[in-house]
Amino acid sequence: MEKRISKRVSAAILQSLSAGVVPRRGAEHIVVGRKAEIETLLRDMDDVIADGGATCRLLVGRYGSGKSFMLQLLRNYAFQRNFVVADADLSPQRRLTGSKGEGLATYRELMMNMAIKTRPDGKAFATVLEKWISKVQTQFVRAGIDRNSRRFSGAVEQGIYDVVDAMEDMVHGADFAKVIHDYWHGHQIGDDDLKAAAIRWLRGEYNVKTEARQALGVRSIIDDESWYDYIKLMASFVHEIGYSGLIIFVDEAVNLHRISHAVSRRNNYERLLSIFNDTRQGGAEYLGVFFGATPDMVQDTRRGLFSYDALKTRLEQSRFVRDGLRDLNAPLIHLDMLSQDEIHSLLQHIREIHAFHHKYESSLDDLQLKAFMSTVSARVGADSLLTPREVVRDFVSLLNLLQQYPDQTFDSILGDVEFTTSDASHLEAEDSPYASFQI
């Protein structure tokens, strides 16, 4: 374990799991199952996105089934493949479009969370630009051009132009290219205010065109209607400067299903349709868009995606799909609940990480893990109600208690567990019968 994981990562894993949330770091150390789905989505990255194409996928699973974990896992794999990634959770304030700038708010969140392998925690936008400029300069230094010569400045300037000029023929590309060049100019002359203004514009933080024109001389700003066009520009740009492309992860898409106003909900579905069509029909390059959604959000014919016929015809399964036959190349991938064996394997990984992090030799054997699983299954009442999130959260708590109270035993703690029906008011309709247990 010590050779495969650092204390910083083990701490992040355990703290996240004990809180019932997905760890931002180290998800690959606790992944179990999902082999076919992971391989398919990695092929999307390697054979489609990195090769100049684009894709849009919906990962669908009920509450606690691991869709957020899968998105985080893919995020980590994307780093390894030299992608720039950005992620955002939808909410009442962040949607795909809205009368109060909810679409722009999603774009801003994506840009705030932009990350690369060396800056996985987000806020990597300026780092990406600085690394690019440094790379261009290094290229000409290695070519034998004196860094202090006029020829060097001209060569770097041309190298910058070669990249930004490629953007100008795209929608909104002229202003995008100008702002990128303004950032370079600010870097060249040491004008931090100009660089900050360029970053602010690229993040969509200007609210009025007049202010942007005064600061940068551009006539447009990123707004609720245009933000996806700038996502496409960003994908092409990061590829031009040496990355494999851009992948965005949008979780909690169920918030679109929760929009009470029918027209607003339909507008968001129309925006989702336009993104879907654009990526799947070749309208974007070097771009991947992955959504996390629930079955009810998709299949509800009154308020879900299937209430919008254009989306239903694109997303519904083929009549040939049935038990044992899954089309993983379809745009919608259903994530089944983990099996008992897979959850058992997950608990083994967590047991090892917990022992490594707290520097003790675990006395909890596999038979006790099976006893834990049997007790949980029997008390909850049905295997279908057993979600990894709830089991893992309580298992980490059990490990914490055993480590903190050496006089207690596995049997004594497990025997005192009080199982209750969880408050499911915050879950989706299909999850309302869910029951969990607490120590």
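A residue is called buried here when its relative accessible area is under 20%, exposed when over 50%, and partly exposed in between (1.4 Å probe, protein chains only). Helices (H or I, at least four residues) and strands (E, at least two) are DSSP runs, numbered from the N terminus. The model is predicted, with local features requiring pLDDT of at least 70 and side-chain atom pairs counting only at pLDDT 80 or more, while totals for chains, interfaces and linings use all residues. Residues are numbered from 1 along each chain as its sequence is written, and side-chain values use heavy atoms, with hydrogens and water left out.

Of its 14 residues, 12 are buried, so α10 is largely enclosed by the rest of the structure. The buried set runs through W227, Y228, D229, Y230, I231, K232, L233, M234, A235, S236, F237 and V238. Spanning residues 227–240, α10 reaches 20 Å from its first C-alpha to its last, close to the 20 Å expected at 1.5 Å a residue; the expected span is 1.5 Å times one less than the number of residues. After α10 comes G242, with a positive phi near 115 degrees.

Rings of Phe, Tyr and Trp (its six-membered ring) pair if their centres lie within 6.5 Å, and planes under 30 degrees apart count as stacked, over 60 as edge-to-face and the rest as tilted. Six aromatic pairs are counted by this rule. Because F176 belongs to helix α7 (residues 173–189) and F237 to α10, the pair ties together parts that are 61 residues apart in sequence. F176 is buried at 1% relative accessibility, and F237 is buried at 0%. Together with W132, F176 and F237 form one aromatic cluster.

Helix α15 (residues 340–358) has 19 residues and reaches 27 Å from its first C-alpha to its last, close to the expected 27 Å. Its buried residues include I343, H344, L346 and L347. Just after α15, K359 has a positive phi of about 60 degrees.

Elsewhere, R200 lies over the face of Y206, at 4.1 Å from the ring centre; the criterion is NZ of Lys or CZ of Arg within 6 Å of the ring centre and within 35 degrees of the ring normal.
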